[in-house]
Amino acid sequence: MKAGSTVRKGSQSSVRQRRWVVVAALVVLTALYLQWHHIVAMPGHAHAWQSPPPSAPAAHLPHYLASIDAKAVSGIADNLSGLTYNPETKTLFAVTNRPPQIAELTTDGALLRLAPLHGARDTEGIAHIQGDWFAIADERNNRIHWVQFGKGVTEVSLDNSPYVQLGDIAIKNFALEGLGWDAKRQQLVAVTEKWPMQVLMMEAPLSRLKPGPVDLKVSVWDVPAVEDMPSTDLAAVEVDPRSGNLLLLGEESSVLYEYSRAGDLLSVMPLWADMAGLANRIPQPEGLAMDNGGNIYIVSEPNLFYKFERKRG
């Protein structure tokens, strides 16, 4: 009798274990499906994984791995946002939005200096133009300002700075979100977060800038790819200095997209756990930069720093 009870108990225990295994497997499969859904189950997904047309530039993102993964930037506690690379100083520049500040970082994510940015309400993007000149995106005002931030400068003011006023937007927190600079075309590229989700371009050489409002023609990157791209928002934009391709960062999906100027989706890089050398998903990627050697840098709120390098071989 006791032996029979032992057998029945062992059998019941085995059944329970199998049930737990099945439940765990279903949870994992559901999570994978939801992650995959961000890319392939949205409008335009049919083109996301197909080979680009023969005329499109070569894709680069599949060849990258994280060499710095989720490094906390000491000296910045919160709200680390836009990012840009200055090839003249070989350093990175970032912004925070609360409080508004400009930060200079090494390419290994060490803070070099931090300066208050007076007159800004909600700084989300930054792009290095040339020399000491940078463009700053203020989301709440839906403006792009140009400022100088040279060596030894300890504070910056937007008062009397050149700026372009973009159109009004119903929800102020979903306006300007990122900036990039195309040095070859002398063109500033901007993204709005959502409603509408847009890529904007403007010819903005420094010779045309003057204090106060500047009248610049702003055009929308008018390709079907943006309306149908597999993302729900745009957090940052960068121009690959080698190919001219556009890199677009989706914060909600935590995915980096590479587009040709013609609007072809060339490649994607999910910023998820166990992908691209990451231990964990990048929680809130907000800023994006690329240096002249092709290294990719991403910052994530509150203060995390990532560096991706092209795989050797």
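Biologist: What makes the link between the side chains of Ser-253 and Tyr-257 a polar contact?

Modeller: The distance is 3.3 Å. A polar contact is a pair of N or O atoms within 3.5 Å; within protein, one must be able to donate a hydrogen and the other to accept it, and residues adjacent in sequence count only if both atoms are side-chain atoms. With 3.3 Å against the 3.5 Å limit, the pair gets the name.

Biologist: And what are we looking at here?

Modeller: A predicted model, where local features need pLDDT of at least 70 and side-chain atom pairs count only at pLDDT 80 or more, while totals for chains, interfaces and linings use all residues. Residues are numbered from 1 along each chain as its sequence is written, and side-chain values use heavy atoms, with hydrogens and water left out.

Biologist: Is Ser-253 buried or exposed, and how do you know?

Modeller: Buried means under 20% relative accessible area, exposed over 50%, partly exposed in between, with a 1.4 Å probe and protein chains only. Ser-253 has 1%, so it counts as buried. Ser-253 lies in the loop between strand 17 and strand 18.

Biologist: What makes a stretch a strand?

Modeller: Helices (H or I, at least four residues) and strands (E, at least two) are DSSP runs, numbered from the N terminus. By that rule the protein chain has two helices and 22 strands.

Biologist: What sits in that loop and meets Lys-194 in a salt bridge?

Modeller: Glu-252 does, at 2.9 Å from N to O. A salt bridge is a side-chain nitrogen of Lys or Arg within 4 Å of a carboxyl oxygen of Asp or Glu, so a Lys and Glu pair at 2.9 Å passes. The pair also counts as a polar contact, again at 2.9 Å. Lys-194 is in the loop between strand 12 (187–192) and strand 13 (198–203), so the bridge ties together parts that are 58 residues apart in sequence.

Biologist: How do you know that the side chains of Asp-122 and Arg-140 meet in a salt bridge?

Modeller: Their N-to-O distance is 3.8 Å, which sits within the 4 Å limit. Asp-122 lies in the loop between strand 5 (111–118) and strand 6 (123–130), and Arg-140 in the loop between strand 7 (133–138) and strand 8 (143–148), 18 residues apart. Asp-122 is buried at 4%, while Arg-140 is partly exposed at 34%.

Biologist: What partner does Glu-104 have in a salt bridge?

Modeller: Arg-113, with the closest N and O atoms 2.7 Å apart. Glu-104 counts as buried at 10%, and Arg-113 as buried at 18%.

Biologist: How many salt bridges does a search of the whole structure find?

Modeller: Six. There is also a network of salt bridges linking Asp-182, Arg-185 and Arg-261.

Biologist: On to the sheet. How do you know that strand 21 and strand 22 pair?

Modeller: Two strands pair if DSSP finds at least two bridges between them. Strand 21 (residues 296–300) and strand 22 (residues 304–310) have five, and they run antiparallel. A hairpin through three residues joins strand 21 to strand 22.

Biologist: What joins strand 1 to strand 22?

Modeller: Six bridges, again antiparallel.

Biologist: What is the order of the open sheet of four strands, and what makes a strand an edge strand?

Modeller: The order is 1-22-21-20, with antiparallel pairing. Strand 1 (64–72) and strand 20 (285–290) are the edge strands, as each pairs on one side only.

Biologist: What makes strand 22 mostly covered?

Modeller: Five of its seven residues are buried. Across the protein chain, 51% of the 313 residues count as buried.

Biologist: How much of the contacts in the protein chain with a separation of 6 or more comes from residues 24 or more positions apart?

Modeller: They account for 54%, where contact means heavy atoms within 4.5 Å.
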